[in-house]
Amino acid sequence: MKADLERHRIDAAWQETGLLSVATQPHELDELDAEAALLRRYGWEAAVLDRDELRAEVASPTYLGGVLQRTGVSSSATETMPEFRGDS
């Protein structure tokens with residue numbers, strides 16, 4: 001979409017806010033490194049956030065950690081990455 005706006009010289013308030021996935025249960029923390037690595041493998045900028053880093057983004061006591069995807073589009077990971085479907 002950003003490329004289309006630039007190509008057609010559309011002056012829009014484009015903002016890349018990123019996508020945040022969070023862990024709310026301790027066992028989910030183990031999956032964050034693999035999720036971020038998979039996103040990076042597909043060329044997206046992603047970082048694992050610990051509890052304190054995540055709270056700087058979202059002030060929620062229920063979030064234990066997360067992955068911040070700074071690039072890419074918001075879509076279902078199961079559509080774009082077969083590893084999330086489990087058929088890799």
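Two strands count as paired if DSSP finds at least two bridges between them. With that in hand, Val22 stands opposite Gly66 in S3. Helices (H or I, at least four residues) and strands (E, at least two) are DSSP runs, numbered from the N terminus.

This is a predicted model, where local features need pLDDT of at least 70 and side-chain atom pairs count only at pLDDT 80 or more, while totals for chains, interfaces and linings use all residues. Residues are numbered from 1 along each chain as its sequence is written, and side-chain values use heavy atoms, with hydrogens and water left out.

**Overall layout**

- The protein chain has 5 helices and 3 strands, and along the sequence they follow the pattern α-β-α-β-α-β-α-α.
- Of the 88 residues in the protein chain, 22% are buried; buried means under 20% relative accessible area, exposed means over 50%, and partly exposed is in between (1.4 Å probe, protein chains only).
- Take the contacts (heavy atoms within 4.5 Å) in the protein chain with a separation of 6 or more: residues 24 or more positions apart account for 56% of them.

**The sheet**

- The 3 strands make an open sheet, ordered S1-S3-S2, with antiparallel pairing.
- Strand S1 (19-23) and strand S2 (46-49) sit at the edges with a single partner strand each, so one side of each has no neighbour in the sheet.
- From one strand to the next, the twist averages 15°; axes here are lines fitted to C-alpha atoms, for helices over the stretch in contact, and angles run from 0 to 180 degrees between N-to-C directions.
- S1 and strand S3 (residues 65-69) run antiparallel and are joined by 5 bridges, while 4 bridges join S2 to S3, again antiparallel.
- Which residue in S3 is the bridge partner of Leu20? That's Leu68, and Leu68 is also the bridge partner of Ala47.
- S3 is mostly covered, with 5 of its 5 residues buried.
- Gly65, Val67 and Gln69 point one way from S3, Gly66 and Leu68 point the other way, and all are buried.

**Helix H2 and the core**

- The largest nonpolar core has 7 residues: Ala23, Leu32, Ala36, Leu39, Trp44, Ala46 and Val67. Such a core is a set of buried Ala, Val, Leu, Ile, Met, Phe, Trp, Tyr and Cys residues joined through side-chain atoms within 4.5 Å.
- Helix H2 (residues 32-41) gives this core its largest share, 3 residues.
- Leu32, Ala36, Leu38 and Leu39 are the buried residues of H2.
- These residues cover an arc of only 160° around the axis, which puts them on the same side of H2; the arc is that of the directions from the helix axis to the C-beta atoms.
- Some helix background: an α-helix has 3.6 residues a turn, so residues three or four places apart point the same way.
- On the face of H2 turned away from its buried side, you'll find the exposed residues Asp33, Ala34 and Arg41.
- Just after H2, Gly43 has a positive phi of about 90°.

**Two residues in contact**

- Once neighbours within four places in sequence are set aside, Ala46 is in contact with Ala36, Leu39, Arg40, Val67, Leu68 and Gln69.
- Gln69 belongs to strand S3 and counts as buried, at 6% relative accessibility.
- With neighbours within four places in sequence left out, Gln69 is in contact with Gly18, Leu19, Leu39, Trp44, Glu45 and Ala46.

**The salt bridge**

- How many salt bridges does a search of the whole structure find? It finds 1, where a salt bridge is a side-chain nitrogen of Lys or Arg within 4 Å of a carboxyl oxygen of Asp or Glu.
- The side chains of Arg70 and Glu45 meet in a salt bridge, at 3.8 Å from N to O.
- Arg70 is in the loop between S3 and helix H4 (77-80) and Glu45 is in the loop between H2 and S2, so the pair ties together parts 25 residues apart in sequence.
- Arg70 counts as partly exposed at 38% relative accessibility, and Glu45 counts as partly exposed at 41%.

**A backbone detail to look at**

- Arg9 has a phi near 50°, a positive value in a residue other than glycine.
- Arg9 sits in the loop between helix H1 (2-7) and S1, and is exposed, with a relative accessible area of 77%.
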